[in-house]
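Hi,

Here is the structure I promised to pass on to you. Have a look at it first, and then read on for what turned up when I went through it.

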Amino acid sequence: IRLMDHESITTVTLPPSLLAILPAEEIDTLKTVISAGESCSCDVAKKWSTGPQFFNAYGPTECTIGPTYFQFPDQNDPDYEQKVLRLKNLSACPIGHPISNTRIYLLDKDLQPVPLGVAGEICIAGVGITRGYLGKPALTAEKFIPDPYDETTGGRIYRTGDLARYLPDGNIEFLGRTDQQVKVRGFRIELGEVESAINNHPDVLQSVVVVVGDAPSDRKL
């Protein structure tokens with residue numbers, strides 16, 4: 001708070017777990033707040049939209065780095081209360097629409113587009129896709145595959161392992177993972193890797209690692 005006030009910061013990107021505990025009313029210079037790194041609740045978004053404009057961004061590192069965003073309703077919008085009320089029925093704040101030069105596909109296990117409202121894996125295409133994982137050709141081949149819906153440029157899509165669905169208004173709602181990967185305070189964590197490390201201890205026969213805590217700032221392994 002002191003740093004942003006002293007430097008008269010106007011735009012900031014922070015994970016929701018931090019935004020949840022910062023006092024929004026104490027930063028007068030802020031004009032734009034961007035939430036990123038983990039799922040953002042509508043309560044956190046509403047808290048920070050009282051003054052600055054609030055964007056909920058989504059994107060894995062492999063897509064350098066935010067291919068979608070959602071702008072939370074402005075309080076000056078005459079339909080503000082109605083729009084916020086509709087959002088309260090969702091599990092979290094939507095992640096919105098793709099940015100320019102980016103395409104988002106929600107696909108089933110056969111790489112076919114899913115209908116409106118049905119969960120599918122988020123697959124990302126466009127100029128922001130990275131080349132792959134350094135020194136890991138097998139993982140690169142698994143996650144970065146030829147784009148089946150772009151035969152002209154020979155582009156690729158990145159299979160994120162994230163689940164989402166299209167809402168009736170065209171926005172995308174993040175739903176979770178297809179595997180054991182979790183987010184804790186903005187960090188991507190593979191639960192299986194943690195279990196494997198614990199199991200290597202001579203006094204441990206078997207371990208199970210889970211995430212506990214409902215609020216983003218309270219989540220821990």
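Five aromatic pairs are present in this structure, which is a predicted model. Phe55 and Tyr69 form one of them: the ring centres are 5.8 Å apart and the planes stand at 65°, so this pair is edge-to-face. The partners come from distant parts of the chain, with Phe55 in strand β3 and Tyr69 in strand β4, 14 residues apart. Phe55 has a relative accessibility of 15% and therefore counts as buried, while Tyr69, at 39%, counts as partly exposed.

Another pair is made by Tyr105 and Tyr149. Here the centres are 5.3 Å apart and the planes meet at 55°, so the pair is classed as tilted. Tyr105 belongs to strand β6 (residues 102-107) and Tyr149 to the loop between β8 (144-146) and β9 (156-166), so the two tie together parts that are 44 residues apart in sequence. Tyr105 is buried, with a relative accessible area of 14%, and Tyr149 is partly exposed at 37%. There is also a cluster, in which ring pairs link Tyr133, Phe144 and Tyr158.

Which residues is Glu62 in contact with, leaving aside its neighbours within four places in sequence? They are Gly128, Ile129, Thr130, Tyr133, Phe144, Tyr158 and Arg188, and this list includes the cluster residues Tyr133, Phe144 and Tyr158. Two of these contacts come with polar contacts between side chains: Glu62 meets Tyr133 at 2.6 Å and Arg188 at 2.9 Å. Glu62 sits in the loop between β3 (53-58) and β4 (68-71). Is Glu62 buried or exposed? Its relative accessibility is 8%, and because the cut-off for buried is under 20%, Glu62 counts as buried.

The loop between β3 and β4 also holds Thr64 and Ile65. These two residues are joined by a cis peptide bond, with omega at about -5°. Thr64 has a positive phi as well, near 30°, and is not a glycine. With 54% relative accessibility, Thr64 counts as exposed.

Asn101 is another residue other than glycine with a positive phi, in this case about 65°. Its place is the loop between β5 (97-98) and β6, and at 57% relative accessibility Asn101 counts as exposed. Apart from its neighbours within four places in sequence, Asn101 is in contact with Ala125, Gly126 and Val127.

Now for the charged side chains. How many salt bridges does a search of the whole structure find? The search finds 10. Among them are these:

- Lys83 and Asp77 form a salt bridge in which the closest N and O atoms are 2.6 Å apart. Lys83 is partly exposed, with a relative accessible area of 29%, and Asp77 is partly exposed too, at 22%.
- Glu121 and Arg159 meet in a salt bridge of 2.9 Å, N to O. Glu121 is in strand β7 (residues 120-126) and Arg159 in strand β9, so this pair ties together parts that are 38 residues apart in sequence. Glu121 counts as buried at 10% relative accessibility, whereas Arg159 is partly exposed at 22%.
- Arg165 and Glu173 form a salt bridge with their closest N and O atoms 2.6 Å apart. Glu173 is buried, at 2% relative accessibility, and Arg165 is partly exposed, with a relative accessible area of 27%.
- Arg103, Asp147 and Asp150 are linked in a network of salt bridges.

One last item concerns the surface. Val208, Val210 and Val212 make a nonpolar patch of about 280 Å². Val208 is found in the segment after α6 (191-199), and its relative accessibility of 70% means that Val208 counts as exposed.

Enjoy looking through it, and do write back with any questions.

Best wishes

Terms used: Residues are numbered from 1 along each chain as its sequence is written. This is a predicted model: local features need pLDDT of at least 70, side-chain atom pairs count only at pLDDT 80 or more; totals for chains, interfaces and linings use all residues. Side-chain values use heavy atoms; hydrogens and water are left out. Helices (H or I, at least four residues) and strands (E, at least two) are DSSP runs, numbered from the N terminus. Buried means under 20% relative accessible area, exposed over 50%, partly exposed in between (1.4 Å probe, protein chains only). A polar contact is a pair of N or O atoms within 3.5 Å; within protein, one must be able to donate a hydrogen and the other to accept it, and residues adjacent in sequence count only if both atoms are side-chain atoms. Contact means heavy atoms within 4.5 Å. Patches are made of residues with over 30% relative accessible area and no salt bridge: like charges are joined within 9 Å, nonpolar side chains (Val, Leu, Ile, Met, Phe, Trp, Tyr) within 5 Å. Accessible areas come from the Shrake-Rupley method with a 1.4 Å probe; for residues, only the protein chains shown count as cover. A salt bridge is a side-chain nitrogen of Lys or Arg within 4 Å of a carboxyl oxygen of Asp or Glu. Rings of Phe, Tyr and Trp (its six-membered ring) pair if their centres lie within 6.5 Å; planes under 30 degrees apart count as stacked, over 60 as edge-to-face and the rest as tilted.
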